Amino acid sequence: MDQKELLVEVKNLKKHYKDSSRSLFKRNQSVVKAVDNVSFTIEEGETFGLVGESGSGKSTIGRSILRLTDITDGEILYKGKSVHQLSKQELREHRKSFQFVFQDPFSSLNPRIRIGDAIGEALLDHGLATKKEIREKVLEVLNLCGLAPYHIDRFPHEFSGGQRQRIGIARAIIMDPEFIVADEPVSGLDVSIQAQIINLFSDLQEKKQLTYLFISHDLSVVEHIATKVGVLYLGTLMELGSRDEIYENPLHPYTKSLLSAIPIPDPTVKRERIVLQGDVPNPANPPTGCKFHTRCPFAREKCKTIVPEFKEVEANHFVACHLV
Ligand code: SF4
């Protein structure tokens, strides 16, 4: 079997920040551990699905890899180079290979700028092509993203939600990147449109040999695109493994509960629903021991005080749970 190159290595990543929110009666000075000791790797051509509820730290990880935010500790390597130690010049060069696709591309589009200009903007900023070449390249990526040539002269408000996400993807791929962080790229879209956008990500991956970090709160979405999956809870990885291992052999109670909430289209197949108690705890004051113990239906006494080790329980399948 041929060995694929490691593109991204996230090692013991920590992102902590002071929560200085004030209320009428007191000033908060606690430390929020948005990302706490997270490690994983992404190989070339792979799609790593990072799943977790809102506030689990998944977007912070994506932004840290692209160096859109500083990190507190740990290391992120891209092709063996430490992303957070690149000089300004090296970072500028690197930025061409990294791109970001947002949940809401509309918010990053200027309503008064035509779509063709918005898509070609980055090429112009980096001085990578003449205006004529940019126009040709914009037409090429519009076509690749399932949009029509006449869309080049239209304004953002003239597009539907699905088309706007296609524009967001076109803006990313015009730079010929190697690696794309897609942060909740199909949230807020109808299910049928979600499927079209997922298919577009897959087609582009094949045509352009792209590697993705695909961030979502929805395990059913990630199943269709990811080759490897990490399940995050309150800034900590609870389970990590290949897509097949996670969906066919989930071992962590949190992963099991998320999977049990996915509806099964076949009415003859029954799945036991694991209902979680309570809400996600405040990240500024996470539970001691296993962070999941306040909601875990299988919690034991030791779960309240002892942090479970994130260990490899089967080949390339890691779990943080005392019961596994
Ligand atoms: Fe549940 Fe305990 Fe396992 Fe945490 S360590 S997931 S609380 S059983």
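1. Arg300 is partly exposed, because its relative accessibility is 46% and the class lies between buried, under 20% relative accessible area, and exposed, over 50% (1.4 Å probe, protein chains only). This residue, Arg300, belongs to the loop between helix H9 (253–260) and S11. Its C-alpha atom is separated by 59 Å from that of Arg154, and the two residues are 146 apart along the chain.

2. On the basis of these remarks: the model is predicted, so that local features need pLDDT of at least 70 and side-chain atom pairs count only at pLDDT 80 or more, whereas totals for chains, interfaces and linings use all residues. Residues are numbered from 1 along each chain as its sequence is written, and side-chain values use heavy atoms, with hydrogens and water left out. Helices (H or I, at least four residues) and strands (E, at least two) are DSSP runs, numbered from the N terminus.

3. The open sheet has eight strands, in the order S6-S7-S8-S3-S9-S10-S12-S11, with mixed pairing; two strands pair if DSSP finds at least two bridges between them. At its edges are strand S6 (98–101) and strand S11 (310–314), each of which pairs on one side only. From one strand to the next the twist averages 20°. Within this order, strand S10 (residues 236–242) and strand S12 (residues 317–320) run antiparallel and are joined by two bridges. Glu239 has Val319 of S12 as its bridge partner.

4. Which strands does helix H1 (residues 58–65) lie across? They are strand S3 (47–51), S6, strand S7 (179–183), strand S8 (211–216) and strand S9 (228–233), and H1 runs at about 155° to S8. H5 also packs on the sheet, where it touches S6 and S7, and its direction makes about 170° with that of S6. Axes are lines fitted to C-alpha atoms, for helices over the stretch in contact, and angles run from 0 to 180 degrees between N-to-C directions; contact means heavy atoms within 4.5 Å.

5. Gln99 is found in strand S6. With a relative accessible area of 15%, Gln99 is buried. Residues up to four places away in sequence aside, Gln99 touches Leu66, Arg171, Ala172, Met175, Pro177, Phe179, Ile180 and Val181.

6. Helix H5 (residues 161–173) packs against helix H6 (residues 191–208) at an angle of about 20°, the axes being 10 Å apart. H5 contributes Gly162, Gln165, Arg166, Ile169 and Ile173 to the contact, and H6 contributes Ile193, Gln196, Ile197, Leu200, Phe201, Leu204 and Lys208. By class, the residues of the H5 and H6 contact are seven nonpolar, three polar and two charged. Here Ala, Val, Leu, Ile, Met, Phe, Trp, Tyr, Cys and Pro count as nonpolar, Asp, Glu, Lys and Arg as charged, and the others, Gly among them, as polar.

7. Helix H3 (residues 115–125) and H5 have axes that come within 7 Å and cross at roughly 30°. H3 and H5 are therefore roughly parallel, and the crossing of H3 and H5 is right-handed. Ile115, Ala118, Ile119 and Glu121 of H3 meet Ile167, Ala170 and Arg171 of H5. The residues of the H3 and H5 contact comprise five nonpolar, no polar and two charged.

8. Strand S1 (residues 6–19) pairs with strand S4 (residues 73–78) in the antiparallel sense over five bridges, and Val10 has Ile76 of S4 as its bridge partner. S4 is also joined by two bridges to strand S5 (residues 81–82), and these strands run antiparallel. Leu77 stands opposite Ser82 in S5. The hairpin of S4 and S5 has two residues between the strands, and Lys79 takes a positive phi near 50° there.

9. Most residues other than glycine have a negative phi. Glu184, not a glycine, has a positive phi of about 50°; Glu184 is placed in the loop between S7 and H6 and counts as buried at 9% relative accessibility. Leu234 likewise has a positive phi, near 50°. Leu234 lies in the loop between S9 and S10 and is buried, with a relative accessible area of 4%.

Note on methods
Angles under 35 degrees count as roughly parallel, over 145 as roughly antiparallel, 65 to 115 as roughly perpendicular and the rest as oblique. A crossing is left-handed if the near helix is turned anticlockwise from the far one by less than a right angle, and right-handed if clockwise.
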